[in-house]
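Subject: Structure handover

Hello,

Here is the structure you will be working with. Please open it and keep it beside this email while you read; my notes follow.

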Amino acid sequence: MKMRIVAVLLAICSVACPCGLRAQGYLITQKQHWIMTWDGYKLDADIFAPITTAKSLPVVIFSPSWDFNKIEYLIPAARMARQGYITVSYTARGWSDSTGEINLGEANDMRDVSTIIDYILAEYPAADPSRIGMSGISL
């Protein structure tokens, strides 16, 4: 019985905690970043990256749903990073700790995503500009 409880706790921690535990695949890093938008606002973002010497890694940006923040996609972002992706979970402008006016899929949202892509390519040299995708329920 004790072994089963320990196994369940380890499984939960390896899925829910982006803390460097090896669940499967790569060990990962998680860093909080303030990404400045084109018009001077700050986006609160967590970026996960596998610890690897690979020179070309795909990127996935997780877009938050309406009235949610970056926490919504932290677990999927950590899981994908363990599989070799650089991932970003961010809070859209105007919500939670991100500054600016709230938008509804407007041009500013698209510009913000472009800014996030530029930031990733500048700060993470292993990010492959030809393999960038997006996931989420909104935007």
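Which strands does helix 3 lie across, and at about what angle does it run to strand 5? Helix 3 (residues 107-123) lies across strand 1, strand 2, strand 3, strand 4 and strand 5, and it runs at about 140° to strand 5. Helices (H or I, at least four residues) and strands (E, at least two) are DSSP runs, numbered from the N terminus. Axes are lines fitted to C-alpha atoms, for helices over the stretch in contact, and angles run from 0 to 180 degrees between N-to-C directions.

A note on the source: this is a predicted model, in which local features need pLDDT of at least 70, side-chain atom pairs count only at pLDDT 80 or more, and totals for chains, interfaces and linings use all residues. Residues are numbered from 1 along each chain as its sequence is written, and side-chain values use heavy atoms, with hydrogens and water left out.

The chain as a whole

There are three helices and five strands in the chain. Read from the N terminus, their order is α-β-β-β-α-β-α-β. The chain has 139 residues, of which 38% count as buried (under 20% relative accessible area; exposed is over 50%, and partly exposed is in between, with a 1.4 Å probe and protein chains only). Among the contacts (heavy atoms within 4.5 Å) with a separation of 6 or more, 67% are between residues 24 or more positions apart.

The five strands form an open sheet in the order 1-2-4-3-5, with mixed pairing. Strand 1 and strand 5 (127-136) are at the edges with a single partner strand each, so one side of each has no neighbour in the sheet. On average, neighbouring strands of this sheet are turned by 25° against each other, direction ignored. Two strands pair if DSSP finds at least two bridges between them. Strands of a sheet pair through backbone hydrogen bonds, either parallel or antiparallel.

Both senses are found here:

- Strand 1 and strand 2 (residues 42-50) are antiparallel, with nine bridges; Ile-35 stands opposite Leu-43 in strand 2.
- Strand 2 and strand 4 are antiparallel, joined by four bridges; Phe-48 has Thr-87 in strand 4 as its bridge partner.
- Strand 3 and strand 4 are parallel, with four bridges; Phe-62 stands opposite Ser-89 in strand 4.

Is strand 4 mostly covered or uncovered? It is mostly covered, since five of its five residues are buried. In a regular strand the side chains alternate between the two faces of the sheet. In strand 4, Ile-86, Val-88 and Tyr-90 point one way, Thr-87 and Ser-89 point the other way, and all are buried.

His-33 lies in strand 1 (residues 28-36). His-33 is buried, because its relative accessible area is 12%. Its side chain makes a polar contact of 2.7 Å with that of Tyr-119 (a pair of N or O atoms within 3.5 Å; within protein, one must be able to donate a hydrogen and the other to accept it, and residues adjacent in sequence count only if both atoms are side-chain atoms). Leaving aside residues up to four places away in sequence, His-33 touches Leu-43, Asp-44, Ala-45, Ile-47, Tyr-119 and Tyr-124.

Charges over rings

A charge sits over a ring if NZ of Lys or CZ of Arg is within 6 Å of the ring centre and within 35 degrees of the ring normal. The charged end of Lys-42 is over the ring of Trp-34, 4.8 Å from its centre. Arg-111 lies over the face of Trp-38, 4.5 Å from the ring centre.

Regards
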